Amino acid sequence: MNSFTKWLLSFVLIGLVGISAYTWFMLNWSYGSGERAGYVQKFSKRGYICKTWEGELAMVSMPGTMSEKFLFTVREDAVAQKINANLGKKVALKYE
């Protein structure tokens with residue numbers, strides 16, 4: 001192999017390792033954490049390749065006011081089953 005081919009191959013390899021490391025970091029790093037309480041309005045499994053559970057929590061501060069929506073994602077099926085069992089009930093969700 002000539003030096004240009006080796007240089008190009010190492011450049012592509014470094015790029016792939018960098019993209020993989022960035023993707024792993026973004027999927028495992030927590031931007032924030034807390035707890036939200038309200039009623040789960042929507043909850044469904046969505047996605048073409050990476051299927052996740054997508055939900056919408058309606059938070060009502062006072063009766064008669066507009067509810068604020070909290071959008072969330074669940075990756076684990078066990079957690080999704082617990083949320084599905086409590087649809088329509090007031091729940092408190094802890095998130096990261």
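This is a predicted model: local features need pLDDT of at least 70, side-chain atom pairs count only at pLDDT 80 or more; totals for chains, interfaces and linings use all residues.
Trainee: Let's start with Glu56. Why is Glu56 called buried?

Mentor: Buried means under 20% relative accessible area. Glu56 has 10%, so it counts as buried.

Trainee: And where does Glu56 sit, and what does it touch?

Mentor: Glu56 lies in strand S2. Leaving aside residues up to four places away in sequence, Glu56 touches Tyr39, Val40, Gln41, Lys42, Lys69, Phe70, Leu71 and Phe72. Contact here means heavy atoms within 4.5 Å.

Trainee: How do you know that S1 and S2 pair?

Mentor: Two strands pair if there are at least two bridges between them. S1 and S2, which covers residues 52-59, have seven bridges, so they count as a pair, and the sense is antiparallel. Across from Leu57 in S2 stands Val40. In the hairpin these strands make, five residues lie between them, and Gly47 has a positive phi near 120°.

Trainee: What makes S1 and S4 a pair?

Mentor: Same cut-off: at least two bridges. Strand S1 (residues 34-46) and strand S4 (residues 90-95) are joined by six, so they pair too, running antiparallel. Gly34, for instance, has Tyr95 as its bridge partner in S4.

Trainee: Now the helix. Which nonpolar residues form a patch on the surface?

Mentor: Phe4, Trp7, Leu8, Phe11, Val12 and Leu16, with about 660 Å² of accessible area together. One of them, Trp7, lies in helix H1, residues 3-28.

Trainee: What makes them a patch?

Mentor: Patch residues need over 30% relative accessible area and no salt bridge, and nonpolar side chains are joined within 5 Å. These six form such a patch.

Note on methods:
Residues are numbered from 1 along each chain as its sequence is written. Side-chain values use heavy atoms; hydrogens and water are left out. Patches are made of residues with over 30% relative accessible area and no salt bridge: like charges are joined within 9 Å, nonpolar side chains (Val, Leu, Ile, Met, Phe, Trp, Tyr) within 5 Å. Accessible areas come from the Shrake-Rupley method with a 1.4 Å probe; for residues, only the protein chains shown count as cover. A salt bridge is a side-chain nitrogen of Lys or Arg within 4 Å of a carboxyl oxygen of Asp or Glu. Helices (H or I, at least four residues) and strands (E, at least two) are DSSP runs, numbered from the N terminus. Buried means under 20% relative accessible area, exposed over 50%, partly exposed in between (1.4 Å probe, protein chains only).
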